[in-house]
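Thanks for asking me to look this over. My comments are below as numbered points, to be read with the structure open beside you.

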Amino acid sequence: MTTTERPRPAGYDDHRPFWDGAAAGRLVVQRCTQCGAVRWPPRILCGACLSPEVEWVEATPTGSLFTWTVIHHTTLAGFKDDPPYAVGLVEVTVAGGLVRMLGGIRGCAPSELQVGMALRAQFEVVDDGALVNWVLVGDDERQET
Amino acid sequence: MAWSDICITGLGESPVGKVPEKSSTDLYAGVILDAVDDAGITPDDVDVLITGGSRVDPYLYHAEMMAEYLGITPPTCLTVNTGGSTSVSLLRQAAALLLAGMAEHVVIAKADNLATGMSRDSVVESMATIGHPELESPQGPTIPSLYALIEQRYLHRASLRPEEIAPVAVVDRYHASLNPAAQYRDPITTEDVLASRLISDPLRLLECAPVSDGGCAVVLSRRERASGKRPLVNVLAVGQAHDFEHVTQASSLEYTGARISGPAAFRDAGVSPSEIDVAMIYDAFAFIQCMQLEDLGFCAPGEGAAFVGDGNTRLGGALPVNTHGGVLSHSHAGRPSALFLVVEAARQLRNECGGRQVHGAATALVHGEGGILASHATAVLRAAS
Ligand SMILES: [Zn+2]
């Protein structure tokens, strides 16, 4: 990583399905076809059973805010104009288990952030894929689901 | 040979804070020579030289470079340039070499000049390499923010307000005010902590480690090879736990590996938490101390902040913690911070702490963590009889 630019998707083969999915507005993660464990980030083998056999499964692009912070001061040159910006760990339930992802939390005031709140993925297209950010699920949406 | 034959025999410390007249290499040389002299041996007696490298002078073979600088040729040189748990876990590796008969004297040294040797932002950015480079770094997480994520969840789990954590910084500063060697010595109040600016919610500036110059060194020896120049300190046991690297992969973000490393160290030492007279707990961020007090068994889950707030960790309290001022107020030159915990614990057990001495201190605990509360090491030390 250089110190003056934002890090970007590197385009490794084993991450490609995730970036392609995100670019198409879909949240996909790996699932072990041997034992069924889901995993994130992508890996070449299953941490639970060591099997290399893997499939990519689409997750419903919603999650629950496990924890969050609002960054008021950053020394990362690529982000120096961004503060304050919120980052959270989001729990996503997929058939077979649950993964936590680190993502930007967008479109809400720091005072609105609460552990456990419902979020929806928002895909931010960048050079070679899309970053997964998260926004609050609106009251209307919540009634639908 | 048994663990009771493994002794800390020598200690060396440089000035901390801003030491612009010294390079990191000069700081290293000074603390190694001081520790060796304190142990009553000569540099040629060192069989194993372990250094923590330097961010400012990032030599690949750093320990060899230091040996060359000192004009010595120890049979074993190791550069172990990882974070806050390493200074404590290295006590275990050193003990193993001594127990195996592969060494008689081991030196562990860490020094750096982060405050004056490089710009502050480049220091912090140089530390900011814990996130997944492809899948997390594009979101701009800083090191403090990754810790803040854990603090936020801890506050939620324990039903605490951020202001209940602030006394950790106040107590560290009080102890620093008693330590002429500490970097920040002016007493502060809870209000000062809460008035300091937010770095990454809920972490405020005075709850975050400073950036410092400084270093220290420790000599470990087989008891029969100790010169007897200074009182001996036994390393009774070291426990370790290594759970994860990325915060998304932690088995729990509500409890830490101290729940494994602590009991392992207590078990192997044959000591219980109630027998600890003084504790040094790595606290680059204030809330860490509260979580670790709980996870090490000094108080019940969720009561770490109250334990500190009630005065237990102050000198004169039930369990004085970080009598040198902690990482928050003594210094944070990066890798040396946790080794300073070992040095302070040994000084307490040698009864050398003057106005901050814990009277009758016989048994001490040192806990280091690194990564983002990912890697843990706990040591139990005792004044040798
Ligand atoms: Zn599997």
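1. How many residues does the contact take from chain B, and how many from chain A? Chain B gives 32 residues and chain A gives 42 residues. Please keep in mind throughout that this is a predicted model.

2. On area, chain B and chain A bury about 3,300 Å² between them, and 61% of that lies on carbon and sulfur atoms. If you want to know where to look on the chain B side, B:Glu134, B:Leu135 and B:Gln139 lose the most area to chain A. Together these three account for 23% of what that side buries.

3. How many salt bridges does the rule find across the interface of chain B and chain A? The count is zero.

4. Now to the metal. The zinc ion is coordinated by the SG atoms of A:Cys32, A:Cys35, A:Cys46 and A:Cys49, at 2.3 to 2.4 Å. The angles among its four donor atoms run from 99 to 116°, so the site counts as tetrahedral, all angles being between 85 and 135 degrees. Along the chain the donors follow the spacing C-x2-C-x10-C-x2-C.

5. Over in chain B, have a look at helix 3, residues 86-99. Its 14 residues reach 19 Å from first C-alpha to last, close to the 20 Å expected at 1.5 Å a residue. Helix 3 of chain B is mostly covered, with ten of its 14 residues buried. Among them are B:Val88, B:Leu90, B:Leu91, B:Ala94, B:Ala95, B:Leu97 and B:Leu98. After the helix comes B:Gly101, which has a positive phi, near 75°.

6. A:Asp20 counts as partly exposed because its relative accessible area is 42%. How far apart are A:Asp20 and A:Asp128 in sequence and in space? They are separated by 108 residues in sequence and by 8.3 Å in space, C-alpha to C-alpha.

Terms used
Residues are numbered from 1 along each chain as its sequence is written. Chains are lettered from A and ligands numbered from 1 in the order in which they are written. This is a predicted model: local features need pLDDT of at least 70, side-chain atom pairs count only at pLDDT 80 or more; totals for chains, interfaces and linings use all residues. Side-chain values use heavy atoms; hydrogens and water are left out. Helices (H or I, at least four residues) and strands (E, at least two) are DSSP runs, numbered from the N terminus. The expected span of a helix is 1.5 Å times one less than its number of residues. Buried means under 20% relative accessible area, exposed over 50%, partly exposed in between (1.4 Å probe, protein chains only). Donors are N, O and S atoms within 2.8 Å of the metal (3.2 Å for Na, K and Ca); water is not among the atoms, so sites may look incomplete. Four donors count as tetrahedral if all angles lie between 85 and 135 degrees; four count as square planar and six as octahedral if opposite donors are over 155 degrees apart and all others between 65 and 115; anything else is irregular. Contact means heavy atoms within 4.5 Å. Buried area is the accessible area (1.4 Å probe) that two parts lose on being put together, summed over both. A salt bridge is a side-chain nitrogen of Lys or Arg within 4 Å of a carboxyl oxygen of Asp or Glu.
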